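Subject: Structure handover

Hi,

Here is the structure I promised to pass on. My notes on it follow below, and I hope they are handy for your own work.

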Amino acid sequence: METIGFIGTGVMGASIVKHLLKAGCSVNVYNRTKSKTDELVKEGAIWQDTPKDVTDKSDVIFSMVGYPKDVEEIYYGENGVFSGKVDGKIVIDMTTSTPSLAKKIEETALELGAESLDAPVSGGDLGAKNGTLTTMVGGKKEVYDKVESILNVFSSKANLQGKAGSGQHTKMANQIMIAGTMTGMTELLVYAKAAGLDLEKVLDTVGGGSAANWSLANYAPRILKEDFTPGFFAKHFLKDLNIALEEAEKMSIELPATKEARNLYQALVDQGFENDGTQALIKLWWDI
């Protein structure tokens, strides 16, 4: 397989790199905090000092960082991806970012003789660890076809959604849905506790009926254990909801439920819980 470059080895990125290594790929890695790559290097990844170095020594370059401004920096900053030998290569940004930035990256890549895809994912830390992420891809079909086998190393489902930016739009649709399930799951627990119900029995019961959903199955049990470690950071979910609402405004549509979910996560972040997982939303009601 091609030599892979991976920029950003956080909660999900590190697990993805491990799957690529197990699949026999040679993987060059870079992370702003070098220590977060130590375990990966022990498992066979090769540390590079800058995104430029990753690009120079890789055929396909993935990035997965926190915010659109971080994407801008690693692609367009000093010693960024586009300052490297990118001609003939494919760059794939997996960060949940803006559709407009995905289009900008594709335009720059083409100018430099490269190709680009935007490929945000869903599935959280468990999906990354289990190699069962859902990957939503925007870009040209012929480019997607070249890397589909690589995406399938860590994805249970990878689909091309359309032209550049379409992967990001699909991720926004995904986050809009998750906003509803997270607020519903949280208020379910608040209501059931106030009614004096056995919360574990409630989860077992409603989880077997039409209220079943991924958030209920994966995050409600963590709440009962007071486990707020981030499968997905609250601050990053707030970022995603803001992007979704900004894109909705551009399309002249109203998303009142999503707006209220954004307001709740803004309140959570304002209270200092930005580095907790999204399940920490319950802290707006419970003193944990």
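Q48 is buried, with a relative accessible area of 6% (buried means under 20% relative accessible area, exposed over 50%, partly exposed in between, with a 1.4 Å probe and protein chains only). Q48 sits in the loop between β3 (46-47) and α3 (51-56); helices (H or I, at least four residues) and strands (E, at least two) are DSSP runs, numbered from the N terminus. Setting aside residues up to four places away in sequence, Q48 touches N28, V29, Y30, D53, V54 and K57, where contact means heavy atoms within 4.5 Å. N28 and Q48 are 20 residues apart in sequence, with 6.4 Å from C-alpha to C-alpha.

Please keep in mind that this is a predicted model: local features need pLDDT of at least 70 and side-chain atom pairs count only at pLDDT 80 or more, while totals for chains, interfaces and linings use all residues. Residues are numbered from 1 along each chain as its sequence is written, and side-chain values use heavy atoms, with hydrogens and water left out.

Now the annotations. UniProt (unreviewed entry) places "domain: 6-phosphogluconate dehydrogenase NADP-binding" at residues 3-158; positions are in the numbering used here, feature names are shortened, and annotations may be inferred rather than shown by experiment. Over residues 3-158 the chain is 42% helix and 22% strand, and the end C-alpha atoms are 20 Å apart. The unreviewed UniProt entry also gives "domain: 3-hydroxyisobutyrate dehydrogenase-like NAD-binding" for residues 165-284. That span, 165-284, is 66% helix and 0% strand, with its end C-alpha atoms 34 Å apart.

The annotation "active site" in the unreviewed UniProt entry covers K171. K171 belongs to helix α8 (residues 166-194). Is K171 buried or exposed? K171 counts as buried, at 2% relative accessibility. Not counting residues up to four places away in sequence, K171 touches T96, P120, V121 and M136.

Next, the cores. A nonpolar core is a set of buried Ala, Val, Leu, Ile, Met, Phe, Trp, Tyr and Cys residues joined through side-chain atoms within 4.5 Å. The largest one has 32 residues, of which F6, L20, V27, F62, I92 and M94 touch the most other members. Elements giving two or more residues to this core include β1 (4-7), α1 (11-22), β5 (90-93) and α7 (141-154). Beyond its neighbours within four places in sequence, M94 is in contact with F6, I16, F62, S63, M64, A119, P120, V121 and F154. A second, separate core of 28 residues includes V190, L203, F232 and L238.

Finally, the cavity search. On a 1 Å grid over the protein atoms alone, a cavity is a set of points where a 1.4 Å probe fits but cannot get out, and lining residues have an atom within 4 Å of a point. Grid points are joined across faces, edges and corners, and a volume is the space filled by probe spheres set on the points. The count comes to one cavity of 30 Å³ or more, and the largest cavity has a volume of about 50 Å³. Its lining includes D93, T98, L101, D118 and Q168. T98 lies in the loop between β5 and α5 and is buried, with a relative accessible area of 15%. Leaving aside neighbours within four places in sequence, T98 is in contact with P68, Q168 and I243.

Best wishes

Technical notes
On a 1 Å grid over the protein atoms alone, a cavity is a set of points where a 1.4 Å probe fits but cannot get out, and a pocket is an open set with protein on both sides within 12 Å along at least five of seven lines; lining residues have an atom within 4 Å of a point.
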